[in-house]
Every structure is written in structure tokens, then in C-alpha cells.
Amino acid sequence: MAVSRRSARPRYTLLLLILASATVLTLNYRGHAQGIISGAKSGARDVLAPVQSALGAVLRPVGNFFEGALHYGSLQQENARLEAQNQALRSQAQGAQAAERENQSLRKVLNLPYLSGMATVAAEVISTSPSNFTDTVVLDKGRGAGVDVGMPVVSGGGLIGRVIEASRDRSTVLLITDPTSNVGVRFGGTQGNLAVAAGQGANQPLRVDFVDPHTKVSKGVVMTTSGLQDARFPADIPVGTVRAAHLRSSALQWDITLAPSVDLAQMQFVDVLEWAPSS
Amino acid sequence: MFGSRLRLFLVIVALLVVQTTILVGVRVHGAHPDAMLLLGISAGMVGGSKRGAAVGFAAGIAADLFLDTPFGLSALTYTIVGFAVGSVQSSLIRPSWWLTPLTAGLASAVGVVLYAVVGATVGQSQMLHDNLAFITIVVSVANMVLAIPVTRLVAWAMPEGPPAYAGAGTALR
């Protein structure tokens, strides 16, 4: 009897801890304790931020060593590709300057919403997603620098995601490739077609939904944020380029995959747009 | 006992920093190791089922503070895995050195799948996507590699070992 009582103690502990975990999980799921949980997360991240920064600076070469060893071949190819791309971009930049001046003049006249003149917070990506099941990055700026939940984040001329968590010194960005991410997009001009670009996971192209079979769409078409009323993102931010577009017989919509405008695996510096949806 | 708890706290914090600083950058097609899951497993191997559950719970809560998945999901999963490992380990008559990485690998695989299944039941259905098998393999292999050093670290934090009454294995010995 004494042995069975003693052997039951671990089970009581297990039951207690499972109940505690399930309670916290349920409260979070129903949104009841969101303030406490967010506060605890922000506090923990801010407390550990200096330690992570210091150790990160020392230990990042270790991580980079393993990362480089695992991906040496692809790094070589990527380096060569980037050098060629750099040459092409230099040539394009010169031609783009004149077009930019004309564009600015037109937008002033038409009063279209756009990034020019929008306040931004420059930030650096200091960590990729700590979870294997979400596609996020952590920035080195938080509420203290003006970053807040819901703000869009761009890099290298394209959308990368939006802020979903913000503590005093750190913020977390949900990337557009995350399976829970949906971005309203437009293509075919200012009065063009509307659709939704959904994430399919890290290193995967986006899936574009709700494109009517009668719409004209082809590979290479650029899609930008639609910026509709209550949209999460301002209008005209490049989201991606159509990689493939197929229309099966009697399908209700096109099968479209979208390659993001930004190489989400390689970005280092980003801009957080100090913008909130109008509602 | 206070010394042991302080050491355990330090081990949890240290592994949390390593996980969020180094291990998140060691990726194979987007999947990276999970040292916090390994912590619960190691505690089960070293300290028995009760301590495995308790350390798994603490490691899970610590991990959840830095994750964007539902809060409490890691705590629930790691608690169950830590307890299960402790229960199985305590029934072994003569444990061998190779059982440590093997147990860590198998338990990690179970842990990752359990995490995704429980996550799907609380609205995170995207966790059961095509990449789950690959994530399971990467985490299992990485935890097999890290099992021996992490288990030694946990053994340092819990030098007293499992309680005398832990599991049916006591009777078999």
C-alpha cells in the first residue's frame, strides 16, 4: 500500500502540471489572459535582450560556421548570383531616377497613398523564428523606438510582413510566407484585379487565391498590396512576382504561385512603417 | 534542495539563451534543433518521471515566453514527454550509454508530433503541414547529438538523482 501511494505521487504531479498547462493554454486560446501573457512575454524578452545581444555577438560566428558548413555549396551559388544582380541593378538605378522624379510629381497631383513621406523605423534582423512552426523574425527595435503591433515591415523595396509582438527593445515580425499570413494584393494597374496572397511556409512561394478564371494573368506579373479600407498594409507595396499561373478546366480560380519580392532568407536590415490601418 | 533548484534554474536560462541565440540559426531547410524539449527529456532520464514532468513544464513555460505559438503549448507537451521518458527510464534494469541519445531521439520525435497535434486542436492546424516529418527528423537527430552533454548538465543540476520510489523499476532491481 505504501509503495503504491509513493508510486502515485509522480502521477499526481503529472496531473497537476497538465492541468496547469491546459488552463494556461485554454485561457490563451479564448483570449482571456492576453494582457498578462503579453506582459510576461515582453518582460522576459526585455530582460534577456542584453544577454542575447552580448552572447549573440560572441557566439554568432559559431552559428554562422554551422550554417555555412551546412550550406556551403548554395552560398557559393548565391554569391555569384548576387554579384551579377548587383551589376544589373546599378544600370537600372540610373534609368529609374528619372522615372522616380516623374512618379513623385504625379502622386502629388493625384494624392495617392504611398510610402514616400511615411515615417519609418530602421531595424536589424537579429534572430529568425525560435519556433519550427512559425515563420517570423526578431528585430532589434521595439516600443521604445516607436515600433508597435500591426505595423507593416518592408525591406529592399518589398513587403516582408507585419509586427505581431513588441516589447520595449524587441519586436517580432510575422513574415508573409507564414501559413497564417494573408495579404490583400492587386495587379493590373490601380483599378486592377484584387486577390489574396497566402503564405505556405518558409522558403515556399505564396499562394494567390480568388483570381477569377476570366482574369488575364501570366508569369512575371507584379502584385502589390491593395490598401483597401481596413487593410493591414498601405497600398502599392510590392509583394511578389507571379512565378507560375495555371488554369485547370472547370476550375473556380487560377492556381497562382507568387515569388516574394524580398529574399526573406537573406535580409538583414528592414524598415518598420509607422502606419496604422484606417478604420 | 535550494542549491539543486538554483542550478536547474541556471541550466534552463542557459539553454534558453543558447536556443534563442545559436540553435535558431542552425537550420536545415528551415527546421532547427529544440534544446528546451531535450531539457525535459534529459530531466526525465536523470531524475525520474516526477522531475521529468516538472522540468519539462518549466522548460516549456520558458520556451513559450519566446515563441509566437499558443502560450502553454510547449509546457503541456514537454511535461508529458518528460514524464513519459522518466517512467520508461526508471523501469530499465541496466541502462547503457547508447540509450541516452536513442531515448532522446525517439522522445523528441514523439514530442514534436505531439506538439503539432495539440497545436492543431487549439486552432493551429498549419502545424500539421507537409514539413512536419522533416521537422521531426531534424529535431530528433539534433537532440540525439546534444543528448549526452545536456544530460550531463542536468545531472550536475540534479546530483541526487531520481527519488527512491520512482517507477516500478525499483522493485525489479
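The second largest cavity in this predicted model has a volume of about 40 Å³. Its lining belongs to chain A: Lys41(A), Ser42(A), Arg45(A), Glu165(A), Ala166(A), Ser167(A), Arg170(A), Ser171(A) and Thr172(A). H2(A) gives the most, with three residues.

What classes of residue make up this lining? Four are charged, four are polar and one is nonpolar. Among the residues named in the lining are Lys41(A), Arg45(A), Glu165(A) and Arg170(A).

Rolling a probe the size of a water molecule over the atoms shows where empty space is left.

Turn now to the largest cavity. Its volume is about 240 Å³. The lining counts 22 residues. Nearest the centre lie Pro130(A) and Ser131(A) from chain A, together with Asp34(B), Leu67(B) and Tyr78(B) from chain B.

Which helices of chain B each supply at least two residues of this lining? They are helix H1 (2-21), helix H2 (35-64), helix H3 (73-90), helix H4 (99-121) and helix H5 (132-157).

The makeup by class is 14 nonpolar, seven polar and one charged residues in the largest cavity. For the second largest cavity, the count is one nonpolar, four polar and four charged.

Note on methods: Residues are numbered from 1 along each chain as its sequence is written. Chains are lettered from A and ligands numbered from 1 in the order in which they are written. This is a predicted model: local features need pLDDT of at least 70, side-chain atom pairs count only at pLDDT 80 or more; totals for chains, interfaces and linings use all residues. Side-chain values use heavy atoms; hydrogens and water are left out. On a 1 Å grid over the protein atoms alone, a cavity is a set of points where a 1.4 Å probe fits but cannot get out, and a pocket is an open set with protein on both sides within 12 Å along at least five of seven lines; lining residues have an atom within 4 Å of a point. Grid points are joined across faces, edges and corners, and a volume is the space filled by probe spheres set on the points. Helices (H or I, at least four residues) and strands (E, at least two) are DSSP runs, numbered from the N terminus. Ala, Val, Leu, Ile, Met, Phe, Trp, Tyr, Cys and Pro count as nonpolar, Asp, Glu, Lys and Arg as charged, and the others, Gly among them, as polar.
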